[in-house]
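Trainee: I have a model open and would like to go through it. Can you take my questions as they come?

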Amino acid sequence: MTARSRRIRISDALLFQSGRANLSDAALGIVRQIADSIRGLPNNVRVEGHTDDTPPSGPFYADNWQLSTARALSVLAALQDAGIPPGRLAAAGYGEYRPLVPNTDDASRARNRRVDVLILYPNEAAPMSTPTVP
């Protein structure tokens, strides 16, 4: 739990091949289980993608911003396909810029590669007021 939400943290190794954002069949099962548990709730949901500090290799993503965002969007799409209304969903990609631990070794980097599904508390789901310009 956080001050603004309940968080479901998923290691990227459970969801994605290295440097990719396509969900495997097993990963879709995990996301469907999450959807089943939150479908009846009125809360908005934000999916956040995170990477380690190693640049992605291969032709698919130019940097970790793109990879983390693509992964968040893949999970978001799977939640939508599993029946979560799209108006309740949002996605964010943070690249390597919000690590849980310093990226000092392989084990630390593995911890930092993750997707968080945040079930936002109702006051966080309310629209932000528009500032008045004089």
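This is a predicted model: local features need pLDDT of at least 70, side-chain atom pairs count only at pLDDT 80 or more; totals for chains, interfaces and linings use all residues.

Trainee: How much space lies in the largest pocket?

Mentor: About 200 Å³. A pocket here is an open set of points on a 1 Å grid over the protein atoms alone, where a 1.4 Å probe fits, with protein on both sides within 12 Å along at least five of seven lines. The volume is the space filled by probe spheres set on the points.

Trainee: Which residues are closest to its centre?

Mentor: Ser18, Gly19, Asp52, Thr54 and Pro56, out of 13 lining residues; lining means having an atom within 4 Å of a point.

Trainee: And which helix gives the most to that lining?

Mentor: Helix H3, residues 64–81, with three residues. Helices are DSSP runs of H or I with at least four residues, and strands are runs of E with at least two.

Trainee: Switching topic. Is Asn112 buried or exposed?

Mentor: Asn112 counts as buried because its relative accessibility is 0%; buried means under 20% relative accessible area, exposed over 50%, and partly exposed in between, with a 1.4 Å probe and protein chains only. Asn112 lies in helix H4, residues 106–112.

Trainee: What does its side chain reach?

Mentor: The side chain of Asn112 reaches the backbone oxygen of Val101 at 2.7 Å. Not counting residues up to four places away in sequence, Asn112 also touches others, including His50, Asp52 and Pro99; contact means heavy atoms within 4.5 Å.

Trainee: Now the largest nonpolar core. Which members touch the most others?

Mentor: Leu15, Leu23, Val47, Val75, Leu79 and Val117, of 22 residues. Such a core is a set of buried Ala, Val, Leu, Ile, Met, Phe, Trp, Tyr and Cys residues joined through side-chain atoms within 4.5 Å. Helix H2 (25–38), strand S2 (45–50), H3 and strand S4 (114–120) each supply at least two residues of this core.

Trainee: Last one: where does Arg20 lie?

Mentor: Arg20 lies in the loop between helix H1 (12–15) and H2. Arg20 is partly exposed, at 28% relative accessible area. Beyond its neighbours within four places in sequence, Arg20 is in contact with Phe60, Tyr61, Leu67 and Arg71.

Note on methods. Residues are numbered from 1 along each chain as its sequence is written. Side-chain values use heavy atoms; hydrogens and water are left out. A polar contact is a pair of N or O atoms within 3.5 Å; within protein, one must be able to donate a hydrogen and the other to accept it, and residues adjacent in sequence count only if both atoms are side-chain atoms.
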